[in-house]
Amino acid sequence: MHDDHDHEHAHDHTHGHGHGHGHGHAHDPHAPASDDPPAPRESRLLEQALRELLIEKGILTAEMISRQIDNMDSRNPALGARIVARAWTDPAFREALVADPLDTIEKETGKTMFVAGMPELRVVENAPGVHNVVVCTLCSCYPRMLLGIPPAWYKAPEYRSRVVREPRTVLAEFGVQLDSATEVRVHDSTADLRYLVLPMRPDGTEGWDLPALEAIVTRDTMIGTAVPEVAETAV
């Protein structure tokens with residue numbers, strides 16, 4: 001077994017950030033995603049001036065800006081969960097999703113957010129003997145169009161460096177216990193390439209409908225820091 005660090009991008013960076021091994025996360029890994037902190041006052045003023053200029057020049061309208069803000073705010077892991085549940089129940093859809101994620105998701109959802117210029121999306125499948133986990137070692141690149149706002153721990157320097165160096169230890173801290181025969185693949189997101197983990201469907205969910213399956217697909221399972229779980233009473 002080896003830990004496969006998948007760095008398919010043009011950025012040149014290292015992973016020796018000096019964080020101590022064995023240092024636990026100072027967060028609840030299953031806590032809801034939190035909003036980004038407020039932007040500095042100077043940035044807000046610059047944004048306001050640019051927005052007003054674009055409206056004045058007729059490039060955008062206030063309605064267009066408001067609609068885009070609403071669209072961004074409405075994004076959450078529910079869309080990703082819908083895609084995963086569909087892939088679990090439809091082999092043809094699963095095959096298309098892995099082959100061409102953005103086009104397949106747009107056809108499935110009817111959403112036009114997946115347009116030219118969007119970062120490439122790659123779906124990586126968990127399987128017996130293989131577990132995938134996603135990180136952005138430079139900042140916080142993340143498939144927001146499917147998962148919403150990234151959690152604070154995903155953007156923390158500790159996670160970004162440690163999950164590359166010691167993925168098994170970090171996953172264990174999130175509660176994911178992997179046997180020694182399981183290969184861990186760490187995928188490094190970039191501004192041009194995002195990843196979505198397609199987790200394995202748990203045993204005991206045969207015959208479940210899509211809403212029931214969607215309910216066990218969490219944000220963390222699509223990052224790879226959790227696996228879908230079935231309550232004993234539901235089996």
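The legends below describe close-up views of a predicted model.

Residues are numbered from 1 along each chain as its sequence is written, and side-chain values rest on heavy atoms, with hydrogens and water left out. Because the model is predicted, local features need pLDDT of at least 70 and side-chain atom pairs count only at pLDDT 80 or more, whereas totals for chains, interfaces and linings use all residues.

**View 1. The protein chain as a whole.** The chain holds 11 helices and five strands, where helices (H or I, at least four residues) and strands (E, at least two) are DSSP runs numbered from the N terminus. Of its 235 residues, 39% count as buried; buried means under 20% relative accessible area, exposed over 50% and partly exposed in between, with a 1.4 Å probe and protein chains only. Among contacts (heavy atoms within 4.5 Å) with a separation of 6 or more, 74% come from residues 24 or more positions apart.

View 2. Helix α8 spans residues 157-165, and seven of its nine residues are buried, so the helix is largely enclosed by the rest of the structure. The buried residues are Glu158, Tyr159, Arg160, Ser161, Arg162, Val163 and Val164.

View 3. Six aromatic pairs are found in a search of the whole structure; rings of Phe, Tyr and Trp (its six-membered ring) pair if their centres lie within 6.5 Å, with planes under 30 degrees apart counted as stacked, over 60 as edge-to-face and the rest as tilted. The rings of Tyr154 and Tyr159 have centres 5.9 Å apart and planes at 35 degrees, so this pair is tilted. Ring pairs join Tyr142, Trp153, Tyr154, Tyr159 and Phe174 into a cluster. Tyr154 is buried at 0% relative accessible area, and Tyr159 is buried at 1%. Leaving aside neighbours within four places in sequence, the contacts of Tyr154 include Val134, Cys136, Tyr142, Tyr159, Arg160 and Ile223.

**View 4. The largest nonpolar core.** A nonpolar core is a set of buried Ala, Val, Leu, Ile, Met, Phe, Trp, Tyr and Cys residues joined through side-chain atoms within 4.5 Å. The largest such core has 45 residues, of which Leu146, Tyr154, Tyr159 and Ile223 touch the most other members. Helix α3 (residues 77-89) gives the most to this core, with seven residues.

**View 5. The largest pocket and His131.** On a 1 Å grid over the protein atoms alone, a pocket is an open set of points where a 1.4 Å probe fits, with protein on both sides within 12 Å along at least five of seven lines, and lining residues have an atom within 4 Å of a point. The largest pocket contains about 290 Å³ of space. Of its 19 lining residues, Ala127, His131, Leu178, Met200 and Val227 are the closest to its centre. The lining divides into 10 nonpolar, six polar and three charged residues. His131 lies in strand β3 (residues 130-135) and is buried, with a relative accessible area of 4%. Beyond neighbours within four places in sequence, His131 is in contact with residues including Leu171, Leu178, Glu183, Arg185 and Val227.

View 6. Ala99 belongs to helix α4 (residues 91-99) and counts as exposed at 66% relative accessibility. The C-alpha atoms of Ala99 and Val123 are separated by 8.4 Å, although the two residues are 24 apart along the chain. Glu173, in helix α9 (residues 167-173), is partly exposed at 29%. Glu173 and Thr225 are 52 residues apart in sequence and 9.2 Å apart in space, C-alpha to C-alpha.

Notes: Points joined across faces, edges and corners; volume = space filled by probe spheres on them. Nonpolar A, V, L, I, M, F, W, Y, C, P; charged D, E, K, R; others polar.
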